[in-house]
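Here are my notes on the model, as numbered points. Please read them with the structure open.

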Amino acid sequence: MTGYSPDYHVETPANLAEALEKLAAEPGKWRPLAGGTDLMVLFDAGMLRDRHLLNIARLRELRGIEASAHEVRIGALATYTEIKRDELLAHELPMLGRAARESGAIAIQNRGTIGGNIVNASPAADTPPALLAYGAQVELVSLRGSRTVDYAEFHSGYKTMDLAPDELLLRVRIPRDPRLDGALHDYRKVGTRRAQAISKVALAAVGRVDSGRVTLCRLGMASVAPVPARMRNVEGEIVDNALSDEVIDRAVAAVDADISPIDDVRSTRGYRLQVSKNLVRSFLLRLREHGDDRR
Amino acid sequence: MTNASKESFRFVVNGEPREVTNYPLSRLLDVLREDLELTGTKEGCGEGECGACSVLIDGRLVNSCLVPLAQVEGATVQTIEGVADGERLHRVQRAFVEHNGAQCGICTPGMVMAALELLAEHPTPTIEQIREGLAGNLCRCTGYIKIFEAVVAACQQTEGPR
């Protein structure tokens, strides 16, 4: 079964204001279409239910990666290729480039966008764990104005999120936390093969130790819960503590409270739970070794 | 449920301005093969996994099965038909011929397009860069080694402007 193109209306707004007017005038009618690397797959399979698509791929207002003194702003339409090539991101937020490089092949990376990766809301998506680890926020815009939400609070359940029908994801905002400089950035994706595989489990973790105690520790995981998972219980066992064997054991045990993996076509609950614990332990052992010894 | 209307879209294909009138969500793959009769671009999986339908849009590798016609308005598209200079093969094509990089041939047009993007990015790629650059293009015949050898050979050819 392939998609039947006469069934699908496509409008291409000239600018952001026009796009927002369209979304506000007919809430819920128009589904934004950006790089097409998710929606066109559904279309090709004859499974794209939204019959009205708002082609936002060229909206200038949603493009680009820029930085102020305090934050990095990644436009919703920034592609994986743009993200993996950005020098500032590579230097300050390296797990984003790693995750972008893990997202499909070159042809997908050239089209797929970070905004699409977020609102497609797959729990297996590659960039969300890194966004969680870096404490990202998402800026949402509508004719009513704009608002900024912690990304860790954005996804409310499987494929549901804090996004109104008249809102567009404008950009991702990531604080330029000086503690990230010299921190350990650990991104690990576990799939069936090294390339071109959707993850069974993925971890993005950032940590820092000063004077023997952990001063920064945030972890995000993919494919282990209905939403990209921020590992708050694990973090709670670690922050402000020295990384003794006992602390690490308690943190690994806390993985149970942070995730709820399932059996599906790619893996099993039991495997995912064990590998999640292994990845968290591996990160914490590396962090202990990393220690105060930076640069 | 009313049907969409056909619309006219203008873009450049292999150096020539073209105008296509079709539904805006028509796949670029179908537009190329059916409206423009450029059948060198192949359909494999139709879901962005296999790379058989790879073309360049504004110099960037894409899967044409995932690109709706509405998104190529004003763009520049290069297909496998636009790679050779008349009868004179591009060095990548010549290397595929000389090093048995093609067997059944279905993946070959997409593989050549991916190799063009790879060589534009990395003129003398490492084997890891070749593997990454071609990872989105599946071949069920060659086992890939002959293809990698062809790409290496293409980099070593220095004669001619291409």
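1. Surface of chain B. The accessible surface of chain B is about 7,400 Å². Carbon and sulfur atoms hold 48% of that area. Note that this is a predicted model. Of the 162 residues of chain B, 52% count as buried.

2. Size of chain B. The C-alpha trace spans about 55 × 30 × 25 Å along the principal axes of chain B. The radius of gyration is 16 Å. A compact globule of 162 residues would have a value near 15 Å, so chain B agrees with that expectation.

3. Elements of chain B. There are five helices and five strands in chain B. Read from the N terminus, the order is β-β-α-β-β-β-α-α-α-α. Take the contacts in chain B with a separation of 6 or more: 55% of them come from residues 24 or more positions apart.

4. Domains of chain B. Domain 1 covers 7-82 and domain 2 covers 91-156 of chain B. Their centres, taken over C-alpha atoms, lie 21 Å apart. How many residues of each domain are in contact with the other? On the side of domain 1 of chain B there are 15, and on the side of domain 2 of chain B there are eleven.

5. Helix 2 of chain B. This helix takes in residues 91-98. Six of its eight residues are buried, so helix 2 of chain B is largely enclosed by the rest of the structure. The buried residues are R91(B), V92(B), Q93(B), R94(B), A95(B) and F96(B). Against what do they pack? Their partners are helix 3 (108-121) and helix 5 (145-156) of chain B.

6. Positive phi in chain B. Most residues other than glycine have a negative phi. N100(B) follows helix 2 of chain B and has a positive phi, near 55°. E37(B) also has a positive phi, near 55°. E37(B) sits in the loop between helix 1 (28-35) and strand 3 (54-57) of chain B. Is E37(B) buried or exposed? Its relative accessible area is 64%, over the 50% cut-off, so E37(B) is exposed. Y144(B) has a phi near 75°, again positive. Y144(B) belongs to the loop between helix 4 (127-133) and helix 5 of chain B.

7. Charges of both chains. Chain B carries 14 positive and 22 negative charges. Their mean positions are 4 Å apart. Chain A carries 41 positive and 40 negative charges. In chain A the mean positions are 3 Å apart.

8. Size and surface of chain A. Chain A has a radius of gyration of 20 Å. For 295 residues a compact globule would come near 19 Å, so the value for chain A agrees. The C-alpha trace of chain A spans about 60 × 45 × 30 Å along its principal axes. Chain A exposes about 12,700 Å², with 48% supplied by carbon and sulfur atoms. Of its 295 residues, 53% count as buried.

9. Elements and contacts of chain A. The secondary structure comes to 13 helices and 14 strands. Consider contacts in chain A between residues at least 6 apart in sequence. Of these, 63% join residues at least 24 apart.

10. T37(A). This residue lies in the loop between strand 2 (31-33) and helix 2 (39-44) of chain A. Its relative accessible area is 16%, under the 20% cut-off, so T37(A) is buried. What does T37(A) contact, leaving aside its neighbours within four places in sequence? The list is I108(A), R111(A), G112(A) and L66(B). For scale, V149(A) is 112 residues away from T37(A) in sequence. The C-alpha atoms of T37(A) and V149(A) are 25 Å apart.

11. L42(A). Helix 2 of chain A contains L42(A). With a relative accessible area of 31%, L42(A) is partly exposed. Setting aside neighbours within four places in sequence, L42(A) is in contact with M47(A) and L48(A). G3(A) is 39 residues from L42(A) along the chain. Their C-alpha atoms are separated by 8.1 Å.

Terms used:
Residues numbered from 1 in each chain as written. Chains lettered and ligands numbered in written order. Predicted model: local features only at pLDDT ≥ 70, side-chain atom pairs only at ≥ 80, totals over all residues. Heavy atoms only, no water. Helix = DSSP H or I, 4+ residues; strand = E, 2+ residues; numbered from the N terminus. Rg over C-alpha atoms; globule rule 2.2 N^0.38 Å. Buried < 20%, exposed > 50% of the residue type's maximum accessible area, 1.4 Å probe, protein only. Contact = heavy atoms within 4.5 Å. Areas by Shrake-Rupley, 256 points an atom, 1.4 Å probe, with all protein chains shown as cover. Lys, Arg positive; Asp, Glu negative; His and termini not counted. Charge placed at Lys NZ, Arg CZ, Asp CG, Glu CD. Domains from an automatic or database assignment.
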